[in-house]
Structures are given as C-alpha cells and as structure tokens.
Amino acid sequence: MAERSPLFLGLARPPKYLGLPVGYLVMLAMGVVLPFIWTKSLVFLSVGIVAYPVLWVVADKEPHFFEVLRVSYGSVRATKNRALHGGDSYGA
C-alpha cells in the first residue's frame with residue numbers, strides 16, 4: 001500500500017470546530033443540544049458530555065465516518081447498464 005503524504009491527509013481532512021469536524025458537531029448539536037434546550041433536562045446534557053469525547057476519538061480515527069455510513073447504507077436507483085457491469089456504473 002502506498003504511503004500518503006501529510007499534505008494529502010491535511011487537504012482531505014474536513015474542517016474542524018471545537019476539535020470536531022463540522023459534520024460531527026452538527027450531529028451532536030441536533031442530537032444533544034437542541035433536545036436539551038427544548039426539554040431543559042440534564043439527561044441530554046450528560047449524554048452530550050459523554051458523547052463529545054467519544055466523537056472526538058472517532059473523528060481522529062476516521063474523519064469521514066458519517067459520510068462512509070451514508071454512502072454504505074444509502075440506496076440509489078438502478079441504472080440502465082446494471083446487467084452489463086453486474087452493478088451500478090455511472091461512467092458508461
């Protein structure tokens with residue numbers, strides 16, 4: 001396997017805010033901060049306190065984790081050349 005240069009890794013990494021990629025921070029806000037504001041329940045705040053370091057570790061290992069999940073479990077409509085290639089190919 002070819003070694004990737006630090007410049008490539010730096011350019012391919014998503015932008016971070018508060019130590020988390022922006023997509024992770026949006027997911028944390030939608031799943032923790034907004035319900036906490038709506039309900040004023042400290043349960044959501046405690047979940048957020050636990051989730052933040054977990055997301056930080058996941059972001060260090062795989063910065064595109066949510067994009068990988070979206071692509072892996074997403075579905076697309078069948079293309080006309082599905083039988084030719086044995087799958088969906090968008091190039092031909």
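Helices here are DSSP runs of H or I with at least four residues, and they are numbered from the N terminus. With that in mind, select Phe66, which lies in helix α4, and remember throughout that the model on your screen is a predicted one.

**Helix α2**

Select residues 22–39, which form α2. The 18 residues of this helix should span 26 Å at 1.5 Å a residue, and the C-alpha atoms at the ends of α2 are 25 Å apart, which agrees. As you follow α2 along its length, look for a kink of about 40°, which is centred on Ala29. Then colour Tyr24, Leu25, Leu28, Val32 and Pro35, the buried residues of α2, and look at what covers them, which includes β1, β2, α3 and α4.

Step just past the end of α2 to Lys40, which takes a positive phi of about 55°. Most residues other than glycine have a negative phi, and Lys40 has its positive value although it is not a glycine. Lys40 sits in the loop between α2 and α3, and with a relative accessible area of 67% it is exposed.

**Helix α3**

Now select residues 42–61, the 20 residues of helix α3, which reaches 29 Å from its first C-alpha to its last, close to the 28 Å expected at 1.5 Å a residue. Find Ala51 within α3, where there is a kink of about 25°, shortly before the proline Pro53. The buried residues of α3 are Gly48, Ala51, Leu55 and Ala59, and what covers them includes β2, α2 and α4.

**The two helices together**

Keep α3 on display and bring α2 back beside it. Two packed helices are described by the angle between their axes and the distance between the axes. At what angle do α2 and α3 pack? The angle is about 175°, with the axes 9 Å apart, and because angles over 145 degrees count as roughly antiparallel, α2 is roughly antiparallel to α3. Residues that make the contact include Tyr24, Leu28 and Val32 of α2 and Ala51, Leu55 and Ala59 of α3. By class, this contact has 14 nonpolar residues, three polar ones and no charged ones.

**Two last stops**

Go to Leu18, in the loop between β1 and β2, where you will find a positive phi of about 60° in a residue that is not a glycine. Leu18 is exposed, with a relative accessible area of 55%. Finish at Gly74, in the loop between α4 and α5, which counts as partly exposed at 45% relative accessibility. Gly74 and Leu55 are 19 residues apart in sequence, and their C-alpha atoms are 22 Å apart in space.

Conventions: Residues are numbered from 1 along each chain as its sequence is written. This is a predicted model: local features need pLDDT of at least 70, side-chain atom pairs count only at pLDDT 80 or more; totals for chains, interfaces and linings use all residues. Side-chain values use heavy atoms; hydrogens and water are left out. Helices (H or I, at least four residues) and strands (E, at least two) are DSSP runs, numbered from the N terminus. The expected span of a helix is 1.5 Å times one less than its number of residues. The bend at a residue is the angle between axes fitted to the seven residues ending there and the seven starting there. Buried means under 20% relative accessible area, exposed over 50%, partly exposed in between (1.4 Å probe, protein chains only). Contact means heavy atoms within 4.5 Å. Axes are lines fitted to C-alpha atoms, for helices over the stretch in contact, and angles run from 0 to 180 degrees between N-to-C directions. Angles under 35 degrees count as roughly parallel, over 145 as roughly antiparallel, 65 to 115 as roughly perpendicular and the rest as oblique. Ala, Val, Leu, Ile, Met, Phe, Trp, Tyr, Cys and Pro count as nonpolar, Asp, Glu, Lys and Arg as charged, and the others, Gly among them, as polar.
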